[in-house]
Amino acid sequence: MIGGGIGGLCLAHGLRKAGVDVAVYERDLSRTDRLQGYRVHINPDGAAALRECLPAANWERFERSAGSSENGFGFLTEQLKPLLVLDPDEEKHYSASRITLRQVLLDGLDVRFGKRFERYEQGDDITLHFDDGTTASCDVLVGADGIRSRVREQYLPHAGTEKIGVTAIAGKLYLDDNDWVPRELVVRANSIIPTSRAGMFLVVHDGLGVTDNEDDPLFDNVRPYLMWAYAAADLTVHDGQNLRREVLGRISRWSPELNRIVAASPAETISEWRIRSSRPIERWQPTNVTLLGDAIHAMTPMRGVGANIALRDAQLLARCIADGGDAIARYEKEMYDYGFAAVRDSLKAARQFADGGPVARTIFKTVLRTASAVPALKRAMF
């Protein structure tokens, strides 16, 4: 397997549990080479995949280190007036540190670090070529190497990702230093629906986890914080741009509390995302090479399901390989349908979140307010 991200490592555990030999080749030089500062939402489907694939000790560590996310979801105006508040899901959701989750997934696996994949040769066996001049062979090659997958580049060169015209700027506000944040922004995740062609998402993450770099605010993993992300279709980011000042200029007429949240967030925690999404492609003929997660169906973050779809891929592929037969064909048939459906839904959500004229936004707000006032309609919609 090429790539040691969330989906690839989950698959490796699932295959090992099924008695299948697996080798993971990762371009990072060590376990802590690529720490990531934000947390990831693991929904019930993603949690089920982790529980099935991971050894019991790894799963227990995940549960201990992941906070719960069970307080519902709110839609608010830019003045923090409620439009609709959704009740908590009956099934458990998790807020997992990416740093800690990576350590949980790496535990018990023999990952070959520092192996930058270049190309493969396909025959009865597959020969892998790395940039250090070494090779390896395998029966099945899984490209789990992310949005810029080199396996996909060779295997499905017509696939890949494209810009969708939406850029986001995100940051962290540490809550142990800022106890003034309005309660409605602390107890649940919220989506801000302004009149302008933009959006903001806010969610609190507890301080559970471990840290490998206590001195770097971007990698801080143990302090509770509020994450915010502002996105717009007309936002162009360039080198040297003051990201915080850009957001403050755009939300100057929004709630004073939202302005204060952005202004008080450490500059080191603020970063930009140029959002991309996988191009739609037709089904391909299965071989002994396949792809998983962002390598094949990268999606925007606006649905918050990318990691969970990758975990679903891992669970499904592990099952198919363990069952034998036309494993790759069965995996790709199912994965193609749900994976690209998630890409489409996520792309639609991103465009609704960051674009859309005032008429469409007024209609959407009216629908939300109506659903809030009519419980039966709220249940039917959500």
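Begin by selecting glycine 306, which in this predicted model counts as partly exposed because its relative accessibility is 23%, a value that falls between the 20% under which a residue is buried and the 50% over which a residue is exposed. Glycine 306 has its place in helix 10.

Next, show helix 10 as residues 306-323 together with helix 11 as residues 327-354, and look at how the two pack, with their axes 9 Å apart and at an angle of about 165 degrees. Helix 10 is therefore roughly antiparallel to helix 11, and the crossing of helix 10 past helix 11 is right-handed.

Now display the side chains where these helices meet: on helix 10 the contacting residues include Ile309, Leu316 and Cys320, while on helix 11 they include Tyr331, Met335 and Tyr338. Counted by kind, the residues of this contact between helix 10 and helix 11 are 11 nonpolar, 1 polar and 5 charged.

Then turn to the largest nonpolar core, which has 68 residues, and select Leu11, Ile42, Leu50, Phe62, Leu128 and Leu141, the residues with the most contacts inside it. Helix 11 supplies the largest share of this core, with 9 residues.

Stay with leucine 141 and, leaving aside residues up to four places away in sequence, pick out residues that leucine 141 touches, among them Ile2, Tyr120, Val151 and Asn288. As a last stop, select Leu173, Leu185, Leu202 and Leu243, which are among the 25 residues of another core lying apart from the largest one.

Conventions
Residues are numbered from 1 along each chain as its sequence is written. This is a predicted model: local features need pLDDT of at least 70, side-chain atom pairs count only at pLDDT 80 or more; totals for chains, interfaces and linings use all residues. Side-chain values use heavy atoms; hydrogens and water are left out. Axes are lines fitted to C-alpha atoms, for helices over the stretch in contact, and angles run from 0 to 180 degrees between N-to-C directions. Helices (H or I, at least four residues) and strands (E, at least two) are DSSP runs, numbered from the N terminus. Angles under 35 degrees count as roughly parallel, over 145 as roughly antiparallel, 65 to 115 as roughly perpendicular and the rest as oblique. A crossing is left-handed if the near helix is turned anticlockwise from the far one by less than a right angle, and right-handed if clockwise. Contact means heavy atoms within 4.5 Å. Ala, Val, Leu, Ile, Met, Phe, Trp, Tyr, Cys and Pro count as nonpolar, Asp, Glu, Lys and Arg as charged, and the others, Gly among them, as polar. A nonpolar core is a set of buried Ala, Val, Leu, Ile, Met, Phe, Trp, Tyr and Cys residues joined through side-chain atoms within 4.5 Å. Buried means under 20% relative accessible area, exposed over 50%, partly exposed in between (1.4 Å probe, protein chains only).
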